[in-house]
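Please look over the model below with me. My notes follow as numbered points.

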Amino acid sequence: LHHTSGLPEYMSFKDVKTKDPKFASNEDHIPQFALQRELFPQSFAPGEKFLYINSNYLLLASIIERLSKKSYGAFLRDEIFKPLKMSDSWVYEKPGLTPRHPRLGYQNAIGYEKQEKGGFKEEWASPPFRDEHLLTTGDGAVWTSLRDMAKWDAAIRTGKFLKPNTWEAARKPSTTRDGMTNNYGYGWSLRFDDRGKLKGYGHNGSWGGFRTSYQRDTTRDRTIILLSNRSDF
């Protein structure tokens with residue numbers, strides 16, 4: 001969660017063999033850390049320095065699956081989405097999962113990448129628009145809405161899911177053996193004022209034309225959430 005593992009980026013692995021020919025999952029990628037370790041070695045010893053790597057979140061999602069005996073999507077559904085009535089939220093972890101809304105239709109969108117010569121190209125989506133092959137989870141794959149994100153934000157602010165000491169630890173920066181203090185907590189980018197007091201936290205994300213941002217300003221008691229499906233946003 002501090003991104004100090006030194007693991008290689010899983011999306012760099014070559015020719016990953018999949019159990020299902022239709023899509024690639026977390027379990028398909030996990031063995032590759034050993035099978036391709038000569039081609040993609042660990043870049044530094046754990047705790048040596050900070051380096052953001054998607055592999056960390058992929059492995060964390062897989063740990064959740066093994067401990068809960070559920071898929072990552074089912075775990076989020078049962079533990080977060082349903083209790084908070086986040087009815088627009090789901091995880092694209094295998095083909096054919098796109099839910100339907102009785103009035104709005106399919107609960108998804110298409111991500112558009114801006115092209116150098118002008119215009120936009122469809123880059124990422126879920127059925128019925130597109131069938132994607134890389135369906136890993138942990139570092140992404142969550143589909144949601146502003147309405148659901150507002151419910152999630154309220155739950156975070158009121159301490160609904162985490163014990164106070166856990167929440168406090170999540171908002172502390174890491175210190176690595178290279179002597180650096182890294183403004184990244186347990187999954188949060190952290191912002192501090194000149195006196196070293198936490199003034200905000202959040203995270204940005206991008207994938208396949210989508211650009212997203214969740215930013216919490218603790219000094220003004222304000223949250224800003226941006227969801228976009230065009231890469232130039």
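1. The largest nonpolar core has 20 residues. Ile 80, Trp 152, Trp 188, Tyr 201 and Tyr 214 touch the most other members. A nonpolar core is a set of buried Ala, Val, Leu, Ile, Met, Phe, Trp, Tyr and Cys residues joined through side-chain atoms within 4.5 Å. Buried means under 20% relative accessible area (1.4 Å probe, protein chains only). At least two residues of this core come from each of helix 4, helix 5, helix 6 (164-170) and strand 10 (198-207). Helices (H or I, at least four residues) and strands (E, at least two) are DSSP runs, numbered from the N terminus.

2. This is a predicted model: local features need pLDDT of at least 70, side-chain atom pairs count only at pLDDT 80 or more, and totals for chains, interfaces and linings use all residues. Residues are numbered from 1 along each chain as its sequence is written, and side-chain values use heavy atoms, with hydrogens and water left out.

3. Now take Ile 80. Leaving aside neighbours within four places in sequence, which residues is Ile 80 in contact with (heavy atoms within 4.5 Å)? They are Phe 75, Met 86, Trp 152 and Phe 161.

4. Another core lies apart from the largest one. This other core has seven residues, among them Phe 23, Trp 124, Trp 143 and Phe 210.

5. Helix 4 spans residues 72-81. Its buried residues are Tyr 72, Gly 73, Ala 74, Leu 76, Ile 80 and Phe 81. What covers them includes helix 3 (54-68), strand 1 (90-91), strand 6 (142-143) and helix 5 (146-157).

Technical notes
Buried < 20%, exposed > 50% of the residue type's maximum accessible area, 1.4 Å probe, protein only. Contact = heavy atoms within 4.5 Å.
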